[in-house]
Amino acid sequence: MQGIVLQLVRFGFLVLLWLFVYAIIRTMRNDLAVAAGNRRPIGFRDRRERSARKSGTARHLVVTAGALANTRISLGDQPVLIGRADDSTLVLSDDYASERHARLSKRGDDWYVEDLGSTNGTYLDRAKVTTAVRAPLNTPIRIGKTVIELRS
């Protein structure tokens, strides 16, 4: 009887070991895909950007996820500062957001998002923002646990 129990324990340990190896490989693969920019088929992004251009310019900033979900801010020509600082346009109560995390600024008819040297980064549709990048309408911008979108 002890031999069977010992074999079952060995087999269970082997299964757990392989699950752990699988989790590591899956995490590394996802990290490499994000670093390489391979998140979705190329044609899908092009269709999304074309539909965003057709719908006009952004008039509102909408929080779609996080503590401030369903918050709507009307946009003008002034830049929008996002972070935990009290003087930010959108004040986040998010532990993963920096005091001055990101800025949305208008250039012509387009809005650009830029990270202001935050600790945890700013992401535009799962791509890390390192310089000022054009933010199309209805594209998620993630700052910590908060997700915002530009809407017309």
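In strand β4, the bridge partner of glycine 83 is valine 91. The structure is a predicted model, in which local features need pLDDT of at least 70 and side-chain atom pairs count only at pLDDT 80 or more, while totals for chains, interfaces and linings use all residues. Residues are numbered from 1 along each chain as its sequence is written, and side-chain values use heavy atoms, with hydrogens and water left out.

Strands here are DSSP runs (E, at least two residues), numbered from the N terminus, and two of them are said to pair if DSSP finds at least two bridges between them.

| Strands | Sense | Bridges |
|---|---|---|
| β3 (residues 80–83) and β4 | parallel | 2 bridges |
| β5 (residues 102–107) and β6 | antiparallel | 6 bridges |
| β6 and β9 (residues 133–134) | antiparallel | 2 bridges |

Strand β6 (residues 110–115) is mostly covered, with 5 of its 6 residues buried, where buried means under 20% relative accessible area, exposed means over 50%, and partly exposed lies in between (1.4 Å probe, protein chains only). Aspartate 110 in β6 is the bridge partner of arginine 107, and the hairpin of β5 and β6 has 2 residues between the strands, with glycine 108 taking a positive phi near 70 degrees. Tyrosine 112, in turn, stands opposite arginine 134 in β9.

Key
Helix = DSSP H or I, 4+ residues; strand = E, 2+ residues; numbered from the N terminus.
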